[in-house]
Amino acid sequence: MDKHTARGLSMGFLIAGIVLLVFKSVLAPAQTTAEAPELNQEMIEAFLKEHNLLVVSQQEYETMVGGQLQVNVPEEPAEEAKQEEKVEEKQEAKEEKEEVKEEKQEEVKEEEKEEKPVKHKITIASGMVSHDVARMLKEKGLIEDTSKFVSRVESRNAAKYVQIGEHTLTTGMSIDEIIQVITKGRAG
């Protein structure tokens, strides 16, 4: 760095310092003159009430710390009404849940009465293919859709494990359960 560059750099620092001092002296008093809101006792108490805080004196605090005073804050009537409404709403919701539960129990009982499992004996003969078995199962009411049964048998590669003979099946069995019975557990 040569002599002229050093002088220019030092002059720049000097000018920047002077500018900062001028701005600070002009702007700083303007910032400090802005008035902060004055807090009074009422404003403080209102703030504390909004945030569910309690104002206690030094003496009350000392007795509380000593375990001699139990603070009972009286609830405002509006809060009591709100709490009573909440309790009533909870009670109503509970009653509605119980009614719904009872209705569901009655529906389940009716379904159990109507849908008692019925056992069917089916006979799989030699030479029958998956479609033949599916048609027989549908006729007995054991399955609803023959194509679903056939595709499930094929996806499990279970057709080769179907056992010839008599099998006992019950209404309400899933397709996989039926496959397990007619393959005698050999289908994977």
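**Whole chain**

I began with burial: 13% of the 188 residues in the chain are buried (under 20% relative accessible area, with exposed over 50% and partly exposed in between, using a 1.4 Å probe and protein chains only). A reminder to myself that this is a predicted model, where local features need pLDDT of at least 70, side-chain atom pairs count only at pLDDT 80 or more, and totals for chains, interfaces and linings use all residues. Residues are numbered from 1 along each chain as its sequence is written, and side-chain values use heavy atoms, with hydrogens and water left out.

Next I looked up the elements and found 7 helices and 2 strands. These are DSSP runs numbered from the N terminus, helices being H or I with at least four residues and strands E with at least two. Read from the N terminus, their order is α-α-α-α-β-α-α-β-α.

I also checked contacts (heavy atoms within 4.5 Å). Of those between residues at least 6 apart in sequence, 49% join residues at least 24 apart.

**The strands**

How do strand 1 and strand 2 pair? I find them antiparallel, over 6 bridges; pairing requires at least two DSSP bridges between the strands. One bridge I looked up joins isoleucine 124 to glycine 165 in strand 2.

Strand 1 (residues 119-124) has two faces: His120, Ile122 and Ile124 are on the covered one, while Lys119, Lys121 and Thr123 are on the uncovered one.

**Helix 5**

Which residues of helix 5 (residues 130-139) are buried? I noted Ser130, Val133, Ala134, Met136 and Leu137. They sit on the same side of helix 5, because their arc around the axis is only 160° (taken from the directions from the helix axis to the C-beta atoms).

Just after helix 5, I saw glycine 141 with a positive phi of about 80°.

**Alanine 159**

Last, the alanine. I located alanine 159 in the loop between helix 6 (146-155) and strand 2 (165-170). Is it buried, partly exposed or exposed? Alanine 159 counts as partly exposed because its relative accessibility is 43%.

Leaving aside residues up to four places away in sequence, alanine 159 touches Ser130 and Val153; Ser130 is one of the buried residues of helix 5. I also looked up isoleucine 179, 20 residues from alanine 159 along the chain, and the C-alpha atoms of the two are separated by 9.2 Å.
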